[in-house]
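Subject: Structure handover and notes

Dear colleague,

Please find below the structure I said I would pass on, followed by my notes on it.

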Amino acid sequence: MANTILVGAQWGDEGKGKIIDVLAERSDYVVRTAGGNNAGHTVFIGDQKFVLHLVPSGILWPGKKCVIGNGVVIDPVSLVEEIEGLKRLGVAVDGQLFISETAHVVFPYHRLLDEQRELRKGRGRLGTTKRGIGPAYGDKAARVGLRMVDLIQPERFARALRQRIRENNEVLRALGARPLSYPRVHAAYRAAGDYLRPYVTATVVLLHEAVRRGAPILFEGAQGTFLDIDHGTYPYVTSSNTTAGGACTGSGVPPNQIDCVYGVMKAYTTRVGEGPLPTENAEIADLLHGMGREFGATTGRPRRCGWADTVVTRHAAMVNGIDRLAITNVDGLDTLETIKVCIGYRHGDRRYDYVPADLEVLAACQPVYAEFPGWRTPTSGIREWRKLPARCRAYLKALAELTGARLSIVSVGPAREQTIFL
Ligand code: IMP
């Protein structure tokens with residue numbers, strides 16, 4: 001396999017974790033390049049469920065090298081817990097996990113500020129995961145963040161943290177929140193820094209050596225295209241570049257070393273948190289929640305659900321340069337008599353075949369639907385494309401055609417083996 005970027009083509013939770021896991025088998029390196037522990041990638045191996053937040057899911061394949069790149073923001077205390085959890089399950093981490101020395105660190109004041117800003121917004125809140133992601137990237141952009149290279153230098157870290165806590169406590173007090181205790185935060189972060197030190201390295205150089213040797217690299221996307229800080233439904237977005245370009249800036253591997261972009265979409269649409277969702281539909285939400293599906297991996301929140309929206313996925317194909325498409329959760333639609341697909345938006349006299357940037361316009365857009373007959377047959381036991389019901393194949397082909405990408409993978413369940421390659 002060549003160097004591949006994998007992105008979500010919707011609002012995150014497209015089932016990327018499982019597709020990454022399958023593609024990781026053919027890669028030597030798996031790299032996370034954006035976001036933080038707001039992400040939750042769920043992978044099932046046999047009956048064992050793994051939920052990964054920061055560690056690339058390639059770690060579940062013995063011998064794969066996994067990199068947390070410079071574009072990621074790291075809560076070190078939660079990363080230590082994640083690594084310990086993996087070790088308890090018998091997963092080998094040492095010698096396989098590499099953490100960028102220039103990745104920024106998420107601190108408790110970032111989480112408290114995230115929470116306070118959400119509280120103050122009231123009904124206008126973004127519905128963040130409250131993991132401190134926005135404030136951490138804010139500090140990075142404002143050039144007052146601390147990086148992993150600082151965390152692992154005890155004296156420098158102590159000085160810098162004291163100063164950062166002093167400043168942030170003033171802000172927290174002004175917002176009516178309780179200030180933080182420097183000694184407590186310092187002790188917890190010092191311990192995490194000591195634990196993580198052996199993993200922290202010059203990942204840019206490590207990846208360039210891999211490129212020179214021709215070792216295949218998989219860049220695992222987190223979140224989705226419409227949560228991208230530049231291309232998403234701002235301000236209802238996360239704070240990083242979740243689109244394909246973010247894989248290069250977030251790892252230091254240049255664009256001319258990328259061979260292929262995979263887009264992952266669900267056979268329908270979901271979104272967690274606030275913001276417009278043009279094809280939102282209560283009936284399909286009830287159906288999916290009733291099946292015990294579509295609850296967030298990180299926060300457990302029920303996801304909002306709607307019909308597949310190919311205005312969204314076509315826009316994602318444009319922004320990311322999606323060559324190949326993976327469609328997941330196909331089995332979620334097995335019982336439906338009729339399935340709708342949004343093929344355009346209407347807003348007054350105007351028709352849109354891309355996602356309008358003005359959120360008031362987007363919120364007022366009426367989806368234009370095409371209807372497909374349902375296949376009403378269980379698909380989760382099917383392992384070959386030609387054995388899928390003809391109506392299911394027609395639906396999936398239409399989704400790919402309307403998105404403008406080649407259909408390469410169909411997923412009919414959470415397990416590795418429930419994957420059909422075309
Ligand atoms: P934040 O990334 O915690 O700041 O949250 C900003 C928005 O992105 C909220 O709507 C979250 O629900 C959403 N979000 C963040 N991470 C994920 C994810 O991994 N899957 C789905 N939505 C996410």
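Setting aside neighbours within four places in sequence, Phe-219 is in contact (heavy atoms within 4.5 Å) with Thr-4, Ile-5, Leu-6, Val-31, Thr-33, Ala-247, Ser-251, Val-253 and Ile-258. One of these, Ser-251, lies 32 residues from Phe-219 in sequence, with 8.7 Å between the two C-alpha atoms. Phe-219 belongs to strand 10 (residues 217-220), where strands are DSSP runs of E of at least two residues and helices are runs of H or I of at least four, both numbered from the N terminus. Because its relative accessibility is 1%, Phe-219 counts as buried; buried means under 20% relative accessible area, exposed over 50% and partly exposed in between, with a 1.4 Å probe and protein chains only.

Please keep in mind that this is a predicted model, in which local features need pLDDT of at least 70 and side-chain atom pairs count only at pLDDT 80 or more, while totals for chains, interfaces and linings use all residues. Residues are numbered from 1 along each chain as its sequence is written, and side-chain values use heavy atoms, with hydrogens and water left out.

Turning to helix packing, helix 3 (residues 108-121) and helix 6 (residues 154-174) pack at an angle of about 15°, with their axes 10 Å apart; axes are lines fitted to C-alpha atoms, for helices over the stretch in contact, and angles run from 0 to 180 degrees between N-to-C directions. Helix 3 is therefore roughly parallel to helix 6 (angles under 35 degrees count as roughly parallel, over 145 as roughly antiparallel, 65 to 115 as roughly perpendicular and the rest as oblique). Tyr-109, Leu-112 and Leu-113 of helix 3 meet Arg-164, Ile-165, Asn-168, Val-171 and Leu-172 of helix 6.

The axes of helix 11 (residues 310-320) and helix 13 come within 8 Å and cross at roughly 50°, so these two helices are oblique to each other. Their contact involves Thr-310, Thr-313, Arg-314 and Ala-317 of helix 11 together with Leu-399, Leu-402 and Thr-403 of helix 13.

As for aromatic pairs (ring centres of Phe, Tyr and Trp, the last by its six-membered ring, within 6.5 Å; planes under 30 degrees apart are stacked, over 60 edge-to-face and the rest tilted), the count comes to eight. Among them, Phe-372 and Tyr-395 are edge-to-face, at 5.7 Å centre to centre and 80° between the planes. This pair joins strand 18 (residues 366-373) to helix 13 (residues 390-403), across 23 residues, and both Phe-372 and Tyr-395 are buried.

Best regards
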